[in-house]
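Please keep the sequence and the coordinates at hand while reading.

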Amino acid sequence: MNFNKIKEAEAVHYMPVFSRDNLVLDHGNGNCLYDINGNEYVDFVAGIASNILGYDHPEYTQTVCEQVHKLIHVSNHYYTAIQSEYITRLCEATGFARVFLCNSGAEANECAIKLARRYFKNHGGPKRILSAERAFHGRTLATLTVTGNENQHSVYAPLPSGFASFKYNDFDDFKAKLTDDVGAVMLETIQGECGVRPFSNDFLVNAYALCKSKGVLFIVDEVQTGMGRTGKLLSVEHFGVKPDIVTLAKGIAGGIPMGACLANEDVGTAFALGDHGSTFGGNPLACAAANKVLEILTDGGLLESSAPIGEYFGERLAHFSKYNFIADIRGKGLMRGIQFIEKLPAAAIEGKLRERGYLVNVAGNNTIRLVPPLTIEKEQIDGLIAALDDVLASTNVI
Ligand SMILES: Cc1ncc(COP(=O)(O)O)c(C=O)c1O
């Protein structure tokens with residue numbers, strides 16, 4: 001199929017929800033992707049922070065292929081050894097007692113919301129859930145409600161009730177909104193979709209302490225920040241906070257769809273039999289993939305070796321503050337954002353980088369988001385920095 005035919009099929013048959021780049025990807029290897037014309041791109045998108053081992057990682061590919069031959073899917077009505085091995089490894093690595101496995105970030109957050117509501121029910125009755133303005137937690141109706149996009153809220157009204165929001169990084173507002181009818185708080189430590197916006201250390205530590213003192217559940221969405229993205233397995237480890245619930249997806253199984261909702265023993269045992277479920281969640285293929293990803297990160301040392309690369313990335317990016325059309329440079333580890341002033345569309349920079357063989361992606365607020373595989377190499381970061389410098393040095397903003 002040639003490029004035009006591929007585009008035409010999408011235009012005619014796919015629901016019109018994606019604005020796609022003019023690029024047809026064919027295969028990947030290491031940290032690079034190749035289009036149908038054989039052009040190579042160093043990948044700083046990684047399927048949006050998902051392909052944390054890059055492409056065709058030998059051990060991972062072998063594990064997945066072996067599992068495909070052995071058993072892809074069976075009902076959760078039965079036990080499988082691989083699911084058992086994986087949940088043990090995941091709980092040991094994260095320090096949580098209980099987990100529910102699903103297929104995406106939205107589903108993991110939907111599970112977190114249901115679990116919190118079930119917990120409220122078991123402890124005296126319904127309570128509200130507080131989330132941050134500009135947050136992104138998914139696209140199901142409940143997760144859309146805790147996502148700070150007013151435009152989408154009005155399109156899909158009526159939305160489920162029982163939610164409220166607080167101003168990003170504003171502790172006074174948070175404190176004022178944490179009224180007695182609030183039973184849980186849900187946030188990302190770094191808001192990814194709205195342009196890589198980290199909460200301050202002070203905000204997170206104080207918000208957590210206040211929640212603990214009031215018996216309010218602290219739910220952290222680590223769908224994008226988790227699995228080593230910021231230099232620790234979970235980003236909350238940077239702040240010394242221990243949430244009641246954490247959600248994971250994206251990188252958890254290296255590109256095979258999977259999500260997880262983790263909880264402490266008290267909260268994680270709130271569901272009753274039949275309260276929640278999933279046909280595909282935690283099936284043998286996803287568990288084998290996720291188990292290998294976690295093994296490579298921990299026993300294999302990728303978590304340890306990628307953390308300094310993330311710091312190096314930050315140091316190299318800081319150099320771009322010399323350009324006055326850069327509004328801000330943010331992020332942690334291998335989750336970085338460069339925000340441009342309004343007059344300079346980030347999409348134009350994205351296009352110029354693609355011409356030079358680098359894939360990056362635009363997130364909210366005119367920001368280039370950089371979330372490469374955790375296997376990215378220093379030389380590949382140096383290559384991106386040189387290409388970006390070349391693009392920016394020849395950019396004139398009037
Ligand atoms: C922080 C966060 N939560 C939830 C989601 C939703 O994940 P999914 O697209 O897998 O449903 C995303 C997706 O970008 C995300 O970044």
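Ala-49 counts as buried because it has 26 C-beta neighbours inside 10 Å; a residue is buried if 20 or more other C-beta atoms lie within 10 Å of its own, exposed if 12 or fewer, and partly exposed in between, with C-beta atoms placed from the backbone. This is a predicted model, in which local features need pLDDT of at least 70 and side-chain atom pairs count only at pLDDT 80 or more, while totals for chains, interfaces and linings use all residues. Residues are numbered from 1 along each chain as its sequence is written.

Ala-49 lies in helix α2 (residues 46–49); helices (H or I, at least four residues) and strands (E, at least two) are DSSP runs, numbered from the N terminus. Although Ala-49 is not a glycine, it has a positive phi of about 60°. Asp-56, also not a glycine, has a positive phi of about 50°. Asp-56 is placed in the loop between α2 and α3 (58–70), and it counts as exposed because 11 C-beta neighbours lie inside 10 Å.

Another backbone feature is the peptide bond from Ala-157 to Pro-158, which is cis, with omega near 0°. Pro-158 sits in the loop between α7 (150–155) and β6. The loop between β6 (163–166) and α8 (171–177) holds Tyr-168. With 18 C-beta neighbours inside 10 Å, Tyr-168 counts as partly exposed. Apart from neighbours within four places in sequence, Tyr-168 is in contact with Ala-132, Glu-133, Arg-134 and Arg-197; two residues are in contact if their C-beta atoms, placed from the backbone, lie within 7 Å. Phe-203 is 35 residues from Tyr-168 along the chain, and their C-alpha atoms are separated by 9.4 Å.

Next comes a helix pair. Helix α4 (residues 81–94) packs with helix α11 (residues 284–297) at an angle of about 40°, their axes 9 Å apart. Axes here are lines fitted to C-alpha atoms, for helices over the stretch in contact, and angles run from 0 to 180 degrees between N-to-C directions. The residues of α4 that meet α11 include Ile-82, Tyr-86 and Leu-90, and those of α11 that meet α4 include Cys-287, Ala-288 and Leu-294. By class, this contact of α4 with α11 has 9 nonpolar, 2 polar and 2 charged residues. Ala, Val, Leu, Ile, Met, Phe, Trp, Tyr, Cys and Pro count as nonpolar, Asp, Glu, Lys and Arg as charged, and the others, Gly among them, as polar.

On the scale of the chain, the domain assignment gives domain 1 (59–297) and domain 2 (309–398); such bounds come from an automatic or database domain assignment. The centres of the two domains, taken over C-alpha atoms, are separated by 28 Å. In the contact between them, 13 residues of domain 1 meet 17 residues of domain 2. The side of domain 1 that touches domain 2 divides into 4 nonpolar, 6 polar and 3 charged residues.

Which residues of α13 are buried? They are Ala-346, Ile-349 and Leu-353. These residues lie on the same side of α13 because they cover an arc of only 60° around the axis, the arc being that of the directions from the helix axis to the C-beta atoms. The buried residues of α13 pack against β14 (335–340), β15 (358–359), β16 (361–363), β17 (367–370) and α14 (378–393). Ala-348 is in α13 (residues 346–355) and, with 13 C-beta neighbours inside 10 Å, counts as partly exposed. Just after α13, Gly-357 takes a positive phi of about 90°.
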